Amino acid sequence: MSDSQATKHTALHAIHLSRDAKMVPFAGYDMPVQYPMGVLKEHQHCRAAAGLFDVSHMGQVILHGGDAAAALETMVPGDILGLEPGQMRYTQFTNDNGGILDDLMVTCGDGHVMVVVNAACKDADIARMKETIGGRCEVEYLADKPLVALQGPKAADVLGALDPDCRTMAFMSGRAATIDGADCFVTRSGYTGEDGYEISIPESDAVRIVEQLLDHADVEPIGLGARDSLRLESGLCLYGHDIDETTTPIEAGLLWSIGKRRREDGGFPGDATIQKQIADGVTRRRVGLLPDGRAPAREGTEVQDTAGNAIGTITSGGFGPTFGGPVAMGYVAIDHAKAETPVNLMVRGKPQPAKVAKMPFVPQNYYRG
Amino acid sequence: MSDLKFSKEHEWVKMDGDVATIGVTEYAQEQLGDVVFVELPGVGNTVSQGDESGVIESVKAASDVYAPLDGEVVEVNGKLEDEPGLVNSDPQGDGWFMKLKLSDKSQLDGLMDEAAYKDFVDSVS
């Protein structure tokens, strides 16, 4: 964002200010990075009870028309045609080299497809969708429509009190729901590793419903700081850091998000590269990294083998409040990608012993019925 | 608290004879956020004013701790290795960072007193 551009506000901006959030510019929006509780306690509260996140800066887009799923498949490697109405899936927009332009959630509707894309990429994503598949489906951007995530083990109790049917929704499913009289769209999803929901709310109802959720004794507002540590502990990629145009879904360890039919048939940008990587393997891979000591290793830290040769770079790193120590992820050469491989992390010029580790760093608590 | 001196790097200094106890201020800990790791200098190290003499890592970022004065490190607060959060909960008490035996006490005159530091914080925040 250039400095001359005015920072945008979400519909919930006044709520953040009234709760004394520390606000920072993020992807063109003035967003809460933390509330007075602080990042560490917000993180722990979300894992122990429930946290509410304003994610209205993300891009909600509806692709209208019966051909929307097939059209979207020309832009992503995920199996979109295989989704039944109400089912949801994680996938990526790829470029012709198989690099990742953005990652996104796709929910199949009845005669339409809904996608949620990253805030920093949304303008480019929307333009690309209009240009590439605008002739096959209508691309409708729900500009700045309020979207909140309610995450944590108490999320189902909290939202279930307002709409009992939310309690038994399957993980990675979405449905229209009436919340306190408002026509919302609820998905059982999120990006914390916890059970929870994302709730798309009409602007006229958003402040009332969010205040109502925050009034619940188990719910605290959570800022971007804890959102980052929660997703890192859960081994989830952050676009622009762990994945970008130079990394493919295979290198990023996201093969699981590419269905069998798509692996075989291709039909998405960069399919030849990605199919070749599936068949022949990759030269580097995203892995978890656990420092032996207490010092966090941050993004950009060089990873070396025990002989001192550079073998990779950390793409996200910090302290895992629930894990109780430093955690990181990054790319390493494939011959060092196996769990338990000893490596050194060059923190402030000094080698810090670490191990390649399986992710997530803390167990995921998704709802499995 | 009137015997405390303060640096522009948001450290406090408390004198006892030739030995200065040094830590970060309340304002600094608020800016840092939750502290999760502290790298202390080695006892016996000689430091000069302005040297990086340690690191405080919060959930957000790593921040250098600068020596506010010349001297020799005679003691460090080993408690911070297990309880880095003391920097947040008691920055001007149990969260102290290191003790320096000063080589030039006249450098203290270059630091701020509490009132001047308060004005300085108001001017930067």
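Buried means under 20% relative accessible area, exposed means over 50%, and partly exposed lies in between (1.4 Å probe, protein chains only). By that rule Asp163(A) is buried, at 9% relative accessibility. This is a predicted model: local features need pLDDT of at least 70, side-chain atom pairs count only at pLDDT 80 or more, and totals for chains, interfaces and linings use all residues. Residues are numbered from 1 along each chain as its sequence is written, chains are lettered from A and ligands numbered from 1 in the order in which they are written, and side-chain values use heavy atoms, with hydrogens and water left out.

- Side chains of opposite charge can pair when their charged atoms come close.
- A salt bridge here is a side-chain nitrogen of Lys or Arg within 4 Å of a carboxyl oxygen of Asp or Glu.
- Over all chains, the structure holds 29 salt bridges.
- Asp163(A) pairs with Arg175(A) in one of them, with the closest N and O atoms 3.0 Å apart.
- That pair links distant parts of the chain, 12 residues apart: Asp163(A) is in the loop between α5 (155-160) and β10 (174-179) of chain A, and Arg175(A) is in strand β10 of chain A.
- Helices (H or I, at least four residues) and strands (E, at least two) are DSSP runs, numbered from the N terminus.
- Arg175(A) is partly exposed, with a relative accessible area of 23%.
- Arg47(A) and Glu233(A) form another salt bridge, and their closest N and O atoms are 2.9 Å apart.
- Arg47(A) lies in helix α2 (residues 39-48) of chain A and Glu233(A) in helix α7 (residues 224-233) of chain A, so this pair ties together parts that are 186 residues apart in sequence.
- Arg47(A) is buried at 12% relative accessible area, and Glu233(A) is buried at 0% relative accessibility.
- A network of salt bridges links Glu73(A), Asp79(A), Arg89(A), Arg261(A) and Arg262(A).

**Helix α7 of chain A**

- Of the 10 residues of α7(A), 9 are buried, so the helix is largely enclosed by the rest of the structure.
- Among the buried residues are Leu224(A), Arg227(A), Leu230(A) and Glu233(A).
- The buried residues of α7(A) pack against β1 (22-26), β2 (29-34), α2, β3 (50-54), β16 and β17 of chain A.
- Gly235(A) follows α7(A), and its phi is positive, near 75 degrees.

**Where chain B meets chain A**

- Contact means heavy atoms within 4.5 Å.
- The contact takes 13 residues from chain B and 12 residues from chain A.
- The size of an interface is often given as the accessible area lost when the parts come together.
- Buried area is the accessible area (1.4 Å probe) that two parts lose on being put together, summed over both.
- Chain B and chain A bury about 1100 Å² between them, with 49% of it on carbon and sulfur atoms.
- The rule finds 4 salt bridges across this interface.
- On the side of chain B that touches chain A, the elements giving two or more residues are α1 (26-32), β4 (35-39) and β6 (52-58) of chain B.
- The residues on that side of chain B divide into 6 nonpolar, 2 polar and 5 charged.
- Ala, Val, Leu, Ile, Met, Phe, Trp, Tyr, Cys and Pro count as nonpolar, Asp, Glu, Lys and Arg as charged, and the others, Gly among them, as polar.
- Arg348(A) meets Glu57(B) in a salt bridge (2.9 Å, N to O).
- Glu39(B) also forms a salt bridge with Arg348(A), the closest N and O atoms being 3.4 Å apart.
- Glu39(B) lies in strand β4 of chain B and Arg348(A) in the loop between β18 (342-347) and β19 of chain A, so the pair joins two chains.
- Arg348(A) is partly exposed, with a relative accessible area of 33%.

**Aromatic pairs**

- Rings of Phe, Tyr and Trp (its six-membered ring) pair if their centres lie within 6.5 Å; planes under 30 degrees apart count as stacked, over 60 as edge-to-face and the rest as tilted.
- The structure holds 5 aromatic pairs over all chains.
- Phe323(A) and Phe361(A) form an edge-to-face pair, 6.2 Å centre to centre with 65 degrees between the planes.
- Phe323(A) is partly exposed at 35% relative accessibility, whereas Phe361(A) is buried at 9%.
- Phe6(B) and Tyr117(B) form a stacked pair, 4.6 Å centre to centre with 10 degrees between the planes.
- Phe6(B) and Tyr117(B) are both buried.
- Phe6(B), Tyr117(B) and Phe120(B) form one aromatic cluster.
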